[in-house]
Amino acid sequence: MQRLSEEPIYADEHLLVLDKPAGLLCVPGRGADKQDCLSLRVQRAFPDALVVHRLDMATSGLWLMARGGPTQRALGDAFAARQVGKRYVAVLAGRLGRSLPADPWAMIDLPIAADWPNRPRRIIEPERGKPSQTRWRVLAYEAQADVTRVELEPLTGRSHQLRVHLQALGHPILGDTLYAPPEVQALAPRLLLHATELRFTHPVTGAPMAFTSPAPF
């Protein structure tokens, strides 16, 4: 039986871990047509569930919620202190990393700012952008399709960070309606970006927590 989007993959009295589908908002948006979202669905079963962080509507994968204000503050502090490990899988246009170094991880270090005339888009902006770092490594290259599967680890948490950074490398994510050209958008029915790993220390018990969700593409 298929799991409902609002059914946690993990739940205790302090926090919830969910697997968000692509195309569903984390929190309500502007307008009557954007009120359905994962947080409100979850709160029907867990009224004390509170938002800690967000995934883009188009992104799927692991999403963490707190149960109650004290846990929300503790987890928020952990995110701010970069104590929450997150990894993503994405499929990009073209071949990235033709000659890999001995250490397969590489770094993108490019500041990101809001593109005010074209909101909600973001841009690389050296003068006014906020520091933004993403680690990446190649998982596979599919020559016939000319696409690269990569693993991504954001060290900062800017809006659209992974999408903007990969566009800046010249390899936008397939299906990205904001940052990819039309021919790359058309290569997938959705944004091929999935939050596949989540690691943190439980804010109450101190236990190490680790969750995985395979990419559905």
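Strands β4 and β11 pair in the parallel sense over two bridges; strands count as paired if DSSP finds at least two bridges between them. This is a predicted model, in which local features need pLDDT of at least 70, side-chain atom pairs count only at pLDDT 80 or more, and totals for chains, interfaces and linings use all residues. Residues are numbered from 1 along each chain as its sequence is written, and side-chain values use heavy atoms, leaving out hydrogens and water. Helices (H or I, at least four residues) and strands (E, at least two) are DSSP runs, numbered from the N terminus.

**Strand β11 and its partners**

- β5 and β11 run antiparallel and are joined by six bridges, with G85 opposite R199 in β11.
- β12 (residues 208-212) is also antiparallel to β11, through five bridges; here F200 stands opposite M209.
- A hairpin is formed by β11 and β12, with six residues between them, and G206 in its turn has a positive phi of about 80°.
- In the loop between α4 (182-185) and β11 you will find P189.
- P189 is exposed, with a relative accessible area of 86%; exposed means over 50%, buried under 20%, and partly exposed in between (1.4 Å probe, protein chains only).
- From C-alpha to C-alpha, P189 and D176 are 9.4 Å apart in space, with 13 residues separating them in sequence.

**Helix α2**

- The twelve residues of α2 (residues 69-80) should span 16 Å at 1.5 Å a residue, and this agrees with its end C-alpha atoms, which are 16 Å apart. The expected span is 1.5 Å times one less than the number of residues.
- T71, L75, A78 and F79 are the buried residues in α2. Down the helix axis they fall within an arc of 100°, so they line one face of α2; the arc is that of the directions from the axis to the C-beta atoms.
- An α-helix has 3.6 residues a turn, so residues three or four places apart point the same way.
- P70, R73, D77 and A80 are exposed on the other side of α2.
- The cover over the buried residues of α2 includes β4 (60-67), β5 (85-93) and β11 (193-201).
- R82 follows α2 and has a positive phi, near 60°.

**Nonpolar cores**

- A nonpolar core is a set of buried Ala, Val, Leu, Ile, Met, Phe, Trp, Tyr and Cys residues joined through side-chain atoms within 4.5 Å.
- The largest one has 35 residues, of which V42, L152, I173, L174 and L193 touch the most other members. Elements giving two or more residues to this core include β2 (15-20), α1 (38-45) and β10 (147-154), while β5 gives the most, with five residues.
- Leaving aside neighbours within four places in sequence, L152 is in contact (heavy atoms within 4.5 Å) with residues including Y88, W136, L162 and L193.
- Apart from this core lies another, of 14 residues, among them V17, L75, A78 and V84.

**Cysteines**

- How many disulfides does the structure hold? There are zero, counting a disulfide as a pair of cysteine sulfur atoms within 2.5 Å.
- The sulfur of C26 is 8.3 Å from the closest cysteine sulfur, that of C37, which is too far for a bond.
- C26 is buried, with a relative accessible area of 3%, and C37 is buried at 0%.
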